Every structure is written in structure tokens, then in C-alpha cells.
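Here is a walk through one protein model, from the overall fold to a ligand site. Keep the structure open while reading.

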Amino acid sequence: MQQRYHHSSNEVKGMNTADLREHFLIEEMMKPGKMCFTYSHYDRIIIGGAVPEAEELPLKNMAMLKADYFLERREMGVINVGGPGTITVDGVLYNLEKKDCLYLGRGSKEVNFSSVLADEPAVFYMLSTPAHVAYPTSLLKAEDASPMTIGSVETSNHRTVYKYIFADGIKSSQLVMGLTVLNTGSVWNTMPAHTHDRRMEAYFYFDVPKGQTVFHFMGQPQETRHITVHNHQAIISPPWSIHSGCGTSNYAFIWGMAGENQDYSDMDVVNITELK
Ligand SMILES: O=C[C@H](O)[C@@H](O)CC(=O)C(=O)O
Ligand SMILES: [Zn+2]
């Protein structure tokens, strides 16, 4: 498992393109037949990917967790962005179509990921955070995630937000998770931008059409930087940073947070004309 340490906003001001990419971009996370994990020291969130082929992929323990098994003291949210897949949790089978979400409560022991079709593998994106309470494992289908349409065509940010794990959705200790789909012709996510010093955030971009990309914006509102993020790559957003993106086409992304609270609307919005 890769580790990513903290960086202060002051350090980040002096970073060049390679530094920014090394510390905040996760490039290789969806490899056929493999599971990949990155441990971020912001709120100790683990960001992972699993692409099962013919063989199922078990969630293995990691030495650095000093635990008896991966979810001994942790919870996890999984969203499938590929072909149909299944996850078994302690003998119970869950079917995840594209954009369905499974929450795994603290104490889930035997976890296995599989694809249903050989030529269209499931692509599972995972976030795991420390948990102090065990909440029940539960599945939420995309159509039941109370979609919310925001933005407009005029400002190129017309999009639909699906919320899965948050204060009014699937219960968790601290994990918050959902996804956002941009409509055709809309390219800006999370604009107007915001920060939430109380929570870190991770963005995972998917359904970025072949040959297209997303310019992800990070940094303090008056000190922004960009990182180009391609399909199936993720960004670690420090609590003091904005997290916004502009694509060369429309696309979708999974957002997830950890920290002080689980209110989706807890955001300190920045006036667009004050961004630097
Ligand atoms: O704190 C919330 C997150 O940044 C995202 O949910 C924002 C988002 O999906 C969007 O505006 O498109
Ligand atoms: Zn946010």
C-alpha cells in the first residue's frame, strides 16, 4: 500500500507540476485483475480500486494497519463504475450494477469482489476510514440515491448529485460518499468552489471519454493550482484546499469525505471573482 503524507498550504505554494502530481494524484488505481490501495494521512482515509477478472479478489489485511483484518477498526464505502459485479461480505452476496453503492460496517471480516461478465469487468472504487461504531452493511441502488440537479447550462455546470453515505442517507461513523454526473455540454464541477477545513475530500473521475481529460483545481482559494486527471484516476484534497474541475467534455466523479461532520451542505463557498 502506498502512503501519502500531509502537506501544509505553505509547502504546496512552492510545488511544481511533478510535485503536485506525486503528492495529490493517484494515477494507477484500476488495474485488471488487481487491487490497489493508497493510505492518505489526511483523516487516515484509504483510497482503493479493484478490477476483478475471472478470479474473485479478496480484501486482504495490510501489515501497516496492525489489525487482525482490514475492517477490524474501519468502515468502507464501495461504488461500482464498471460492468455488473458482486461483493460478498461474511457470506452475504450483494449485486452492484454501475453506480450502485455498498457500505461495509466495521467488523466485516471476509470480503470478496467479483465481476459478472468476463468481457465487461466491474470497476470498484473504495474509500475506507477509521470507525468507532459498527453500523450495518447496506446496499443503495443509484436510483434510490435521491438525485439532486444543480448548476445550469449557461454556466456550463449543469449536473446531478447522487448522495449515498451521509447524515440523511446510509449511516456511517465518519465516511461521506456519493457521485456527480455532468450533463452533455457542462464541464465545470464544484464551481462556485468551496473549502471545508473540517474535512478532507477525495475525487475519483470516471466516464471521461477516450481522448478527453479533466483539469482539477486545488489549493487555497487565493493560491490555486491545477492537475490534469485522466479517466479512473483520483485526487486527494487537503481540508484547506478547493476541489473543482473543468473537463474537455462532460464526465462523472465520485466524491468522498472524512472528518468532523457528515452534513453534505457544510461548505464554505468562495466567490468566483475572488479566486486567484
Ligand atoms: O463537499 C462536497 C463535494 O465537494 C461534492 O459533492 C461537490 C460536487 O459534487 C459538485 O458540486 O459537483
Ligand atoms: Zn467539498
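This is a predicted model: local features need pLDDT of at least 70, side-chain atom pairs count only at pLDDT 80 or more; totals for chains, interfaces and linings use all residues.

Residues are numbered from 1 along each chain as its sequence is written, while chains are lettered from A and ligands numbered from 1 in the order in which they are written.

Start with the fold. The protein chain has 2 helices and 24 strands; these are DSSP runs numbered from the N terminus, with helices (H or I) of at least four residues and strands (E) of at least two. The C-alpha trace spans about 55 × 40 × 35 Å along its principal axes. Residues 24 or more positions apart supply 72% of the contacts with a separation of 6 or more. A contact requires C-beta atoms, placed from the backbone, within 7 Å.

Now the annotated site. The UniProt annotation "binding site", from an unreviewed entry, covers H194, H196, E201 and H243. They spread over 50 residues of sequence but cluster in space, with a largest C-alpha distance of 11.4 Å. UniProt positions follow the numbering used here, feature names are shortened, and annotations may be inferred rather than shown by experiment.

Two of these histidines can be compared. H194 sits in strand 17 (residues 194-195). H243 lies in the loop between strand 21 (233-237) and strand 22 (244-247). H194 counts as partly exposed because it has 16 C-beta neighbours inside 10 Å. H243 has 25 such neighbours, so it counts as buried. The cut-offs are 20 or more other C-beta atoms within 10 Å for buried, 12 or fewer for exposed, and partly exposed in between. Beyond four places in sequence, H243 contacts T190, E201, Y203, M218, I235 and S237.

Ligand 1 comes next. Around ligand 1 are R159, V161, T180, N189, T190, E201, H243, W255 and M267, each with its backbone-placed C-beta atom within 6 Å.

Last, the core. The largest nonpolar core has 72 residues, and A202, F204, Y205 and F253 have the most contacts inside it. Such a core joins buried Ala, Val, Leu, Ile, Met, Phe, Trp, Tyr and Cys residues through C-beta atoms within 7 Å.

Terms used:
Two residues are in contact if their C-beta atoms, placed from the backbone, lie within 7 Å.
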